Structure formats: C-alpha cells, structure tokens
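The structure comes before my notes.

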Amino acid sequence: MSRPLVSIIVPMYNHADYIEECLNSLLNLEYDNYEVIICDDGSKDSSYEIAATWLENNSTVQGKLYHQENQGVCRTLNRLVKEATGKYIAICASDDSLTSNSLCERVRYLNNDDSKVACIGDANLIDQSSNILSTNAMKYLYKSSYQNLSNNIVSELVLRWAVVGPTLLIRKSAYEQFGYYDESLKVEDRDYYLRLLANDVLAFLPINVANYRIHTGNSSRRNLSAKLIVLKDVALSNLKYADDYKEVNIIFLKSHLIDLFIVNKLFVKKDLLSYLFLSIFRLIRKNIVKVVL
C-alpha cells in the first residue's frame, strides 16, 4: 500500500544560520512521500535566498517557497496549511530539524488509530551550534512524565505544558474540523493544543521525532516585553477554553484570570513588584500541580 503524502510546512523568519540544516534533515528521512512548503515571513537576512538555492540544488524534492511581508507565525502557518496538499501535515520551524524516523513512526500511528487526529513525540534539545543538550527535551525543559503523557495526556499538557518544537503531525482535515490558528495571537501552539485536548484527539509517542533548538532568538527567552506577550497569549487561550474542561483542569485554566490581570497591568506600567508577584503566583500554582499529578 502506498504511503500517504505528508506536507512538511516550514515557517521561516531570520534563520539564515539554520535553514539549510533544517532542510538537509529532510534528505535523511526514511519516509519518501513528502513535500516541503516554506514561507519566508519577511526575513531581513538571507534566509529566503538560502532556501531558494537549496530547493534548486535538490530538485528531486517536491518543494514550494513563498515570500511575504512580515505577518507573524499564526498567519504564516495558516497560509502554509492551506497550501499543503498532503493527508498529513508536519510542522518544522526553520531553526529546528527532523530525525530520520520522524514521519514513519507518526504516520504509522495515525494510520492505525482513527480516533486521533494528531500525535506528538519528544525531541533532542540542541543549542545554537547544534550540540545536543539533552535527548529528552520534554523532561529537560518541563520535567514531564512519559507515563502521564501516555496515560492521561489531557491533564498532563493542560496542567504541565510539555510540548516541544516541531513534534506535531496532524491530519490536514483537522483544520476543517477544529479551525485554523488564531491570528489575533502571537503564540499559536497553546491555543491550538487546547482545542485538540478538549476533544481528546491528541496522542503521545515516547520517541524522538525532531531536534528542537534553544537560543536567544526563541520568543520566550527575549526581554520582558516579549515574555509578557507570551504570558498574555497563554492566559487568553487558557481562559477561552476553560469551560471545555472539568474538575482540576478547569480550575487551573480559570486561575489565569489572575495572570491576565497582572500582565495587562505590566503592559501599562513595567512594575517589577507586580512581575515578582506574578512569578511567585505561577510558582505556587506549579507546585500545586506537582501535588495533583
């Protein structure tokens, strides 16, 4: 039986140092029926030229490359999803890369389980020079539990976020069922995963499917203003879907009313005392979650 087409979508922005490594990883895939669709979101460096040269030099790869004025990750992802023609979509940021078995394992899983529309795995954590910092990024960054992810992925990800980098494989039809990315947000992943988790259509595979890079360009590791944008988007998403959950999950999600109140105050006035209070509140909540899990 022929393998279904997978669309690997690559949102790209100012990653001239990494895009070639990202695309080269696709040449080592054990899965041979894929297309790669790249959208340059107004890069100010040579990312677009490098990607264009790579596609020209690797003409056997089914590839498309688009360029647009900067519109942000959510609009870029929505454009890429609409351009995709595969049954499945794999998302890989232009500074990350995929492991050789990445598509095989995830496609096999979804082909055998019609109750799920998407699955995630773990990743190797790499630095700016592609050195491996950890072979278990979910554990390294979030202290996540494979057992909890396998037995109760809903509560594990709602209460203790652990998704890393380019580890999602999703049916393209899921976007018609659950909608596209919310273009009012700067951060797309928490919002979309909450939709999938609320319907229990997301699965976890305890294997490494990607290489996730951490560096100073990561949005959550920039200055205070960038961190506040992430915190605000997370709080808004948590509150938006809170009523779709029950018991401790709904309490946890609705507790982000406090986060949103403080973050909005911080946007108006960079009050370090308020930021300290927010940090302490989040730490207390995190420790309560540890007890619950």
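**Helix contacts and a pocket**

I looked up which residues join two neighbouring helices: His256, Ile258, Asp259, Ile262, Val263, Lys265 and Leu266 in α12 meet Ser274, Tyr275, Phe277, Leu278, Phe281, Arg282 and Arg285 in α13. Contact here means heavy atoms within 4.5 Å. By class, I find eight nonpolar, two polar and four charged residues in this contact of α12 with α13. Nonpolar covers Ala, Val, Leu, Ile, Met, Phe, Trp, Tyr, Cys and Pro; charged covers Asp, Glu, Lys and Arg; the others, Gly among them, are polar.

I note that this is a predicted model, in which local features need pLDDT of at least 70, side-chain atom pairs count only at pLDDT 80 or more, and totals for chains, interfaces and linings use all residues. Residues are numbered from 1 along each chain as its sequence is written, and side-chain values use heavy atoms, with hydrogens and water left out.

Next I took the geometry of the pair. Helix α12 spans residues 256-268, and its axis lies 10 Å from that of α13, at an angle of about 160°. Helices are DSSP runs (H or I, at least four residues), numbered from the N terminus. Axes are lines fitted to C-alpha atoms over the stretch in contact, with angles from 0 to 180 degrees between N-to-C directions. α12 and α13 are therefore roughly antiparallel, the word for angles over 145 degrees, while under 35 counts as roughly parallel. The crossing of α12 past α13 is left-handed, meaning that the near helix is turned anticlockwise from the far one by less than a right angle; clockwise is right-handed.

I then checked α10 against α12. Their axes come within 9 Å and cross at roughly 145°, again in a left-handed crossing. Their contact divides into eleven nonpolar, four polar and two charged residues.

For α9 (residues 189-198) and α10 (residues 224-241), I find axes that come within 8 Å and cross at roughly 20°. That makes α9 roughly parallel to α10. α9 passes α10 in a right-handed crossing.

Last, I asked which helix gives the most to the lining of the second largest pocket. α13 does, with six residues. A pocket is an open set of points on a 1 Å grid over the protein atoms alone, where a 1.4 Å probe fits, with protein on both sides within 12 Å along at least five of seven lines; lining residues have an atom within 4 Å of a point. The lining includes Leu159, Phe281 and Arg285. I count by class nine nonpolar, one polar and one charged residues in this lining.

Terms used. Parallel < 35°, antiparallel > 145°, perpendicular 65-115°, else oblique.
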